[in-house]
Amino acid sequence: MAQPVVRTPEVKVALSTASVYPESTATAFEIAGRLGYDGVEVMVWTDPVSQDIESLRRLSDYHGVPILAVHAPCLLITQRVWSTNPWTKLERARAAAEKLGASAVVVHPPFRWQRNYARDFVDGIWRMADETDVRFAVENMYPWRYRDREMLAYAPDWDVTNDDYRHFTVDLSHTATARNDALDMIGRMGDRLAHVHLADGSGSGKDEHLVPGRGNQPCAELLEKLTTSGFDGHVVVEVNTRRAMSGAEREADLAEALAFTRQHLATASRVPGAPGTPGTPRP
């Protein structure tokens, strides 16, 4: 009988620079190169290096690590990064992606208090997507919870599948926080799923970003589905290593996440025509 062989689909696995926080953007490039990631996703935040295209280009060249995606500065702590105008932020993210050779810009839906931005967000993302080959992949979020209260912090909706976007990012830590069915959400995204933030969560109500396999999300099932769905985007490891007691412990977590991702992206198959396969003549 023919022995199964391991085939790895052409899906690149990147490291989010947010995964090394509180270490720097530069440290993320160094670790990604050392561990063998296929590239990085740059989280644009308060680190000046993350905001500077030439600095990022030099880091990419020096470590031999491509920049595969740019995460626009959409967080509460980045409200003043690259302007206070959210559309300017997205324009600068697109320009950075184009100049750095990244294929995707990750963007969150607006906060509800950004009323004008939220009102035009869906149409505005379509307009921006029409102007570039870079994919604007809108990311699923979650309700904010405090004790027994729930606040809808995002507009038009934290569940981005309720609106019409050309491309989506799915984040499995966010599906855990929202306590919704990740595979059902992925099914609704269909072939518009263009980007994956791989992390795990326990459904505790906090955005945990655990190493894949340490929570209850279907991380393995998602990765295995990507191999048969025609997915042509990137998988980005976006985990929280803030509690790591040392650099070695942080790297061990990131190495484990990479090994998990590559293991479940690999699929077992038989080589057509291999000797011993039923119906194949023996030599």
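Me: What makes Pro86, Lys89, Leu90, Ala93, Arg94, Ala96, Ala97 and Leu100 of helix 4 count as buried?

Reply: In this predicted model, each of these eight names belongs to the buried set of helix 4; the cut-off is under 20% relative accessible area, so that is where their values fall.

Me: How do you know that they sit on the same side of helix 4?

Reply: They cover an arc of only 165° around the axis, and that places them on the same side. As a rule, an α-helix has 3.6 residues a turn, so residues three or four places apart point the same way.

Me: What do the buried residues of helix 4 pack against?

Reply: Their partners include helix 3 (53-63), strand 4 (67-71) and strand 5 (104-107). Contact here requires heavy atoms within 4.5 Å.

Me: How do you know that the span of helix 4 agrees with its 15 residues?

Reply: At 1.5 Å a residue, residues 86-100 should span 21 Å, and the end C-alpha atoms are 21 Å apart, so the two agree.

Me: Why is Asn85 called a cap of helix 4?

Reply: A side-chain oxygen of Asn85 lies 2.9 Å from the backbone nitrogen of Trp87, at the N-terminal end of the helix. The limit for a polar contact is 3.5 Å, so this pair is within it. Just after the helix, Gly101 has a positive phi of about 80°.

Methods:
Residues numbered from 1 in each chain as written. Predicted model: local features only at pLDDT ≥ 70, side-chain atom pairs only at ≥ 80, totals over all residues. Heavy atoms only, no water. Helix = DSSP H or I, 4+ residues; strand = E, 2+ residues; numbered from the N terminus. Expected span 1.5 Å × (residues − 1). Buried < 20%, exposed > 50% of the residue type's maximum accessible area, 1.4 Å probe, protein only. Arc of directions from axis to C-beta. Polar contact = N/O pair within 3.5 Å; in protein donor to acceptor, adjacent residues only side chain to side chain.
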